[in-house]
Amino acid sequence: MSSPSCCKKGPGYASPLEAMQNGPREKLLYVAMIPCQEDQPNYIATIDVDPNSSNYQQVISRLYVPNINDEFHHFGWNACSSCHDDCNKQRRFIVLGGFKSSRIYIIDTADETQPTLYKTIESDELKKLDLSAPHTVHCLGSGEIMISCLGNAKGELPGGFLLLNQNFEVTGRWEDEANPSAVQFYYDFWYKPRHNIMVSSEWAAPNVFSKGFNPNDVALNKYGHSLHFWDWSKRKYLKSIDLGSDGAIPLELRFCHNPATPYGYVVCALGSSVFRYFPDASNEWQVEKTIQVEALTGKDGQPVPAIISDMLISLNDKFIYFCNWLHGDIRQYDISDPSKPKLTGQIWLGGLIKTENDFEDSRSFTGGPQMIQLSLDGKRLYVTNSLYSSWDDQFYPTIKTDGSYLVKIDCDSENGGMKLDQKFYISFKNEPNGPSRAHEMRYPGGDATSDIWD
């Protein structure tokens, strides 16, 4: 646990509950933005989400990068609660990868309202390690930064894990050199130091998913369906568990935040399911399916899978939230009984199932809910709707002309339940360079998916 001598000066918080109970209300939201015009640069939008501000619900700055065709996706911080004891560390720099370009941008938030570009790591640096398509970013207790990469230098399998030092220099790969061929697919990852374990998930090779979704690729085994378990301290592969057809395309995974809690959950996009992973009595890692979202009938009469895209857990480990991108709903489950989650909230925001007449108001909900971020206190959930440009164009082509939305859901963090904030709505249709897609979100002070505790 953290030392009291300097815990107030290190990044993050001493514990998840301290973050939840004492963390400030978010006032700014950083959003990764991808222009719908491919000849325009990606950017970070800084949005005022302070209801007491005169700029509330407005983009107050845009940081455009100097290149095009990056396709921003996920991003993280240079430091978090994993190095909370280190008074010399500061959560200041955003580490943001481009899926298409394999560049990594380091963004300085010393001025939180006006982020600036600090450094660009060119794709050649990744290719030297036979890596491409950087995705999940986690800061480590050592001060290093670890990034999952979905492909090799040619955009094929396998991917791997990239390491940066504190000066944002590429230093090598995280996984042991003897990494077996059993692990081909990479996507998300989360580590649990107290239990000496890391778990990683799967999507597909960049050259496969970048073209859009082809069902035939599933039959050809070009999409993942397994979880991988790693020895954290030794950086060695331990085992894989095949989740089967119900676990097809396991994407976002999260351990519970309490460092003493040894289990977590993964959402499976095509399988439309949620699995829990946990150690059994003999400390062998196992999985169990805890939620199955059944296919619904689309407007054309054909069955539509949910495509669970994003997921997070509240900091008190009481609620799990996830998005059904094609169905169009966001769900909240009480996980007090970890094997039997209980549905406590559901809100519809677009999707392929309902018509515009089914919604409460006239605001445009083009697309379906895709990325979510929860406030530290668990009371506000922000939602965007872009998954990946080629997949957007395939399933929700009007996003290209209408842009994304950003909405806020008010959550009951005690008893469960969600309510759409009817007064909060931001459209990215009329951005300076035209309609833009909004993807992942972060707050300057951390959020429900940035920090890892030990």
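Let's start in strand 3, which spans residues 59-64 and includes Leu63. In this predicted model, Leu63 has a relative accessible area of 13%, so with the cut-off for buried set at under 20%, Leu63 counts as buried. Setting aside neighbours within four places in sequence, its contacts are Asn42, Tyr43, Ile44, Ile107, Pro115, Thr116 and Leu117.

For a sense of scale, take Leu63 and Glu156: 93 residues separate them in sequence, and their C-alpha atoms lie 31 Å apart.

## Two nonpolar cores

The largest nonpolar core has 27 residues, and the members that touch the most others are Met146, Met198 and Tyr277. Several strands give two or more residues to this core, including strand 10 (160-164), strand 14 (226-231), strand 16 (250-255) and strand 18 (273-279). Another core, of 24 residues, lies apart from the largest one, and Phe213, Ala269, Ile307 and Tyr388 are among its members. As background, nonpolar side chains tend to be buried together in soluble globular proteins.

## Backbone features worth a look

Ile307, already met in the 24-residue core, sits in the loop between strand 21 (303-304) and strand 22 (308-313). Its relative accessible area is 10%, so Ile307 is buried. Its phi is positive, near 55°, in a residue other than glycine. Ile249 also has a positive phi, about 55°, without being a glycine. You will find Ile249 in the loop between strand 15 (236-242) and strand 16, and at 4% relative accessibility Ile249 is buried.

There is also a cis peptide bond, between Leu157 and Pro158, with omega about 0°. Pro158 belongs to the loop between strand 9 (145-151) and strand 10.

## Asn165, a buried loop residue

On to the loop between strand 10 and strand 11 (170-173), where Asn165 is placed. Asn165 is buried, at 18% relative accessible area. Its side chain makes a polar contact of 2.7 Å with the side chain of Glu169. Not counting residues up to four places away in sequence, Asn165 touches Ile145 and Thr171.

## The largest pocket

Finally, the largest pocket holds about 440 Å³ of space. It is lined by 24 residues, and those closest to its centre are Tyr13, Pro24, Pro444, Gly445 and Gly446. By type, the lining has nine nonpolar, seven polar and eight charged residues.

Terms used:
Residues are numbered from 1 along each chain as its sequence is written. This is a predicted model: local features need pLDDT of at least 70, side-chain atom pairs count only at pLDDT 80 or more; totals for chains, interfaces and linings use all residues. Side-chain values use heavy atoms; hydrogens and water are left out. A nonpolar core is a set of buried Ala, Val, Leu, Ile, Met, Phe, Trp, Tyr and Cys residues joined through side-chain atoms within 4.5 Å. Buried means under 20% relative accessible area, exposed over 50%, partly exposed in between (1.4 Å probe, protein chains only). Helices (H or I, at least four residues) and strands (E, at least two) are DSSP runs, numbered from the N terminus. On a 1 Å grid over the protein atoms alone, a cavity is a set of points where a 1.4 Å probe fits but cannot get out, and a pocket is an open set with protein on both sides within 12 Å along at least five of seven lines; lining residues have an atom within 4 Å of a point. Grid points are joined across faces, edges and corners, and a volume is the space filled by probe spheres set on the points. Ala, Val, Leu, Ile, Met, Phe, Trp, Tyr, Cys and Pro count as nonpolar, Asp, Glu, Lys and Arg as charged, and the others, Gly among them, as polar. A polar contact is a pair of N or O atoms within 3.5 Å; within protein, one must be able to donate a hydrogen and the other to accept it, and residues adjacent in sequence count only if both atoms are side-chain atoms. Contact means heavy atoms within 4.5 Å.
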